Each structure stands twice: as C-alpha cells, then as structure tokens.
Amino acid sequence: MFTFQFDQLNRQGEMRQDNAFIKSAIDHPNTLFLPVFRQTVSSTEKGANWLSKSELAERVGKLSDIHFIYLGLIDEQHYFAYRVSGQQALETISSNSSNLRSLIAVLNERDSYLVNVATALNQWHSVHQFCGYCGNETYAMDSGFVRKCSNQECAKQHFPRTDPAIIVAITHTDDKGHEKILLGRQSTWEENRYSNVAGFVEPGESLEQAVKREALEEVGIELSQVEYITSQPWPFPQSVMLGFKAKAVTTEIILKDKELENAAWFSREEIHNLIKAEKLILPMNYSISRHIIDLWLK
Ligand SMILES: [Zn+2]
C-alpha cells in the first residue's frame, strides 16, 4: 500500500488568516483535534487519538489559540492538530503516544495522511522558535502555517519548509536483452534489506541533476533517460520524495561516497528467488521506494 496519497483533505489555505472562521471551526461540535508534540501524536491501540474540543480542554487545561494548527476539512468536518508543550503533557492526555513510523501499520489512509501533515508542521514549529535573521523569538500565526519574528524592527515571516529528496529506480538491459535493477543497502539497515539510490536535492540543482549526481556519488553509475514517475510526502521528518526511473549508461558499481555498504544488479528472477529464500528484504510496502521497485517488477 503506497501511502500518504489521501486526496480528500480540503486544506482551505485561503481561510487560515480568517480568525472568525478559524474560531467557528474550533467551536464546531463535530471538529476533531489531535494533540502533537515534536514528531509524536496522542494515540490509542487503534491509531490516532482524535479528541473533541471539550475532551482536549479537559486534558490540557486552558487552550491557547496559537497552539492550534488547522489541517483542513474532510466531509464537512474540521480537523486540527494541537501543539502541546512537552512529552509529559502528551502523556497526560492519553496513556499512549506514538510517532508516525510506529503507527503506520494501524492508521487508515486518512489518518496516516493527517498525522503526517500534523507532525511535519509541528516539527517545523519546534525548530523555528527563533528568527534566523535576528535571533529573536518567533510566534505562530495563520492557524499554524506562519511564524513571525517578535522583534518589530525585523518582523520577518517564516513559512513551513519541505525538503525535496529524489529516489531513483536504476535499470540496465544487457546485450542479450536481460533487464536488471540496481539496489543498494546502508550498513545501519537490517540484514538483507535493499533499496534504491536516494538523496536530498542540493541548492541550485534541478531534480534531474540531483538524480544523476546521487547515482554517481553512491554507486559510480552514469545515467541517461531520467524520467519522473510520482512523489510521496516523506515525514521523516519533513521531506517530499520525488520518484524517478533512469537507464544506466555504465554498469560497474563503485561505492564512491560510502553511503552504501553494498550495491548490486538484480534480475526479476533473482529478486523473487532471494525473497523466497529470505535473503532479500525490499523496502516497506508503504514507501515510494517499494512502489517504484514494484512498478519495474510487474
Ligand atoms: Zn527577526
């Protein structure tokens, strides 16, 4: 299941500055709130622990306007994240609190998407408490989508950021028409887990350049025919993964930057046989990494 693709959320970005609208959304009896601290949300065994406003107030105490993040509207129902001030505060709200990675298996498509938005935004708030221009404190506004510098002479506005990263399925067809895909692994991963070449886009670089550079750095392979496939929000902590496929022009693998401890070419048959023999583990089935490998395997 290629996840974080839920498309029923109306973010209503044009309403975020409308305080009367946001207040009425907060006060609406059907509105749901998800307490969040850093990358962790209040949870139950079944998934995200959505609360009504009165339940939230019961557990948090006095609610503060600047702690609400307006996520948007789904089927006439408003959804908010509520930023709490510490892990302890989150634990007093419910006995469970979990990060998104550990919740993915139990969250439905809507909640995995919303928890992703909530934790990515909250992570941004956590690390933008101070103005990067003048060093003074910032404060949240526009329903959690802007932070503004409290120094009136500076007054710079800061906006949530998303870090673009590329991931690429590199393939090669030899003289006899045999197709193979290149997969590699990092030393910190569990044994036998392999994935695609991936990395962050650098400043001043096009996405296609980033794909070619990462392939050269990680596996010493030159690429051609770099083609975009699809993307996936990647909330660990706040990226968007841009999925590509590309043809290898060279085939000799050289682990130049040592980010990977091993990389190799695999045919479809080899992949099936190695998985059967429990000697190969592909990326998690919710990831774009797995999705672009599966597209090639089909
Ligand atoms: Zn400032």
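1. In this predicted model, F4 is found in the segment that comes before α1 (19-27). Its phi is near 65 degrees, a positive value in a residue that is not glycine. Most residues other than glycine have a negative phi.

2. Is F4 buried or exposed? F4 counts as buried because it has 22 C-beta neighbours inside 10 Å, where the cut-off for a buried residue is 20 or more.

3. A positive phi also occurs at K258, with a value of about 60 degrees, although K258 is not a glycine. K258 lies in the loop that runs between β14 (239-248) and β15 (262-266). K258 has 10 other C-beta atoms within 10 Å and is therefore exposed, the cut-off for that class being 12 or fewer.

4. Turning to strand pairing, three strands form an open sheet in the order β7-β8-β9, and their pairing is antiparallel. The edge strands of this sheet are β7 (138-141) and β9 (157-158), each of which pairs on one side only. Strands of a sheet pair through backbone hydrogen bonds, either parallel or antiparallel.

5. How many bridges join β8 to β9? Strand β8, made up of residues 146-149, is joined to β9 by two bridges, and these two strands run antiparallel. For anyone who wishes to find the contact in the viewer, K148 has Q157 in β9 as its bridge partner.

Key: Residues are numbered from 1 along each chain as its sequence is written. This is a predicted model: local features need pLDDT of at least 70, side-chain atom pairs count only at pLDDT 80 or more; totals for chains, interfaces and linings use all residues. Helices (H or I, at least four residues) and strands (E, at least two) are DSSP runs, numbered from the N terminus. Two strands pair if DSSP finds at least two bridges between them.
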